[in-house]
Amino acid sequence: MKNIAIATMSLLASMSEVQVANAQSTTAKNPFTLVYDGAISKNMAGKVNIHPVKYKLNGIDIAANVYTPSNYNPAKKYPALVIAHPNGGIKEQTGGLYAQRLAGAGYITIAADAAYQGASGGKPRHTDKPAFRTEDIRGMADFITRYKGVDVNRVGALGICGGGGYTLTAAQSDKRLKAVATLSMFNSGEVRRNGFQNSALTTIEERLKKASDARAQEAAGGKIIYAGVASITDIGKAFIIIYN
């Protein structure tokens, strides 16, 4: 939160008085920074509520939102869902929309920013590494299965776009996830291996060699090589470390 406050102060210092007033007005209406239609602007008794939380995953601070159903009673037991956002997304967007709507259907839900992305920690920033993204889903399961009111025997997972592929991978080995669903699933592993729409089947061995060389270079303290369409400093971009 300290880093966010400093960044906000720096931004406000560079804005005009009108821009500052508009920004403050927007924040007042949108204190949870949610950007989807019908997003929660304040917690109300008897309604779906949102609870910003933080937890550690492999030493990294993870920022997440937990949504609880209407008339939530921690003494009762509720089914729960972990929700993985798309590649390049954050919890305040599509993942949060589905988390809020599913909480309205009676689930306790959690949507977290992936490690190295959004408000979660980890460097280098804006990095979308399959092993990390899969672990993010397990980390959400770690947290939500200890949340008051969650029935640990009724925990499922929903993955959206790129999050869908990672969710299926996590569910293959994490037996806490009793049900799994995807939406507009994008299989990152298959696309990195075969190319989009199988356009790179003839270069698999060549790319594996490059990936192996890239990993060796990184292990030796050399420059990390990324696969992407822009530099690592571009805000909002997600990248795949090439040796995956």
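Predicted model: local features only at pLDDT ≥ 70, side-chain atom pairs only at ≥ 80, totals over all residues.

Biologist: OK, how many helices and strands does the protein have?

Modeller: There are 7 helices and 8 strands. Both are DSSP runs numbered from the N terminus, with at least four residues (H or I) for a helix and at least two (E) for a strand.

Biologist: And what share of the residues is buried?

Modeller: 39% of the 244 residues. Buried means under 20% relative accessible area, exposed over 50% and partly exposed in between, with a 1.4 Å probe and protein chains only.

Biologist: Let's look at H3. Which of its residues are buried?

Modeller: In helix H3 (residues 94-104) they are Gly-95, Gly-96, Ala-99, Gln-100 and Ala-103. They sit on the same side of H3, because they cover an arc of only 130° around the axis, taken from the directions from the helix axis to the C-beta atoms.

Biologist: What's on the face turned away from that?

Modeller: The exposed residues Arg-101 and Gly-104. As for the buried ones, their cover includes strands E2 (60-68), E3 (78-84), E4 (108-112) and E5 (150-160).

Biologist: New topic: which residues touch the most other members in the largest nonpolar core?

Modeller: Ile-110 and Ile-144, in a core of 29 residues. Such a core is a set of buried Ala, Val, Leu, Ile, Met, Phe, Trp, Tyr and Cys residues joined through side-chain atoms within 4.5 Å. Helix H4 gives the most to this core, with 5 residues.

Biologist: How many aromatic pairs are there?

Modeller: The structure holds 4. Rings of Phe, Tyr and Trp (its six-membered ring) pair if their centres lie within 6.5 Å; planes under 30 degrees apart count as stacked, over 60 as edge-to-face and the rest as tilted. Tyr-116 and Phe-132 are stacked, at 4.7 Å centre to centre and 20° between the planes.

Biologist: Where do those two lie?

Modeller: Tyr-116 is in the loop between E4 and H4 and Phe-132 is in helix H4, so the pair ties together parts 16 residues apart in sequence. Tyr-116 is buried at 12% relative accessibility, whereas Phe-132 is partly exposed at 26%.

Technical notes: Residues numbered from 1 in each chain as written. Heavy atoms only, no water. Contact = heavy atoms within 4.5 Å.
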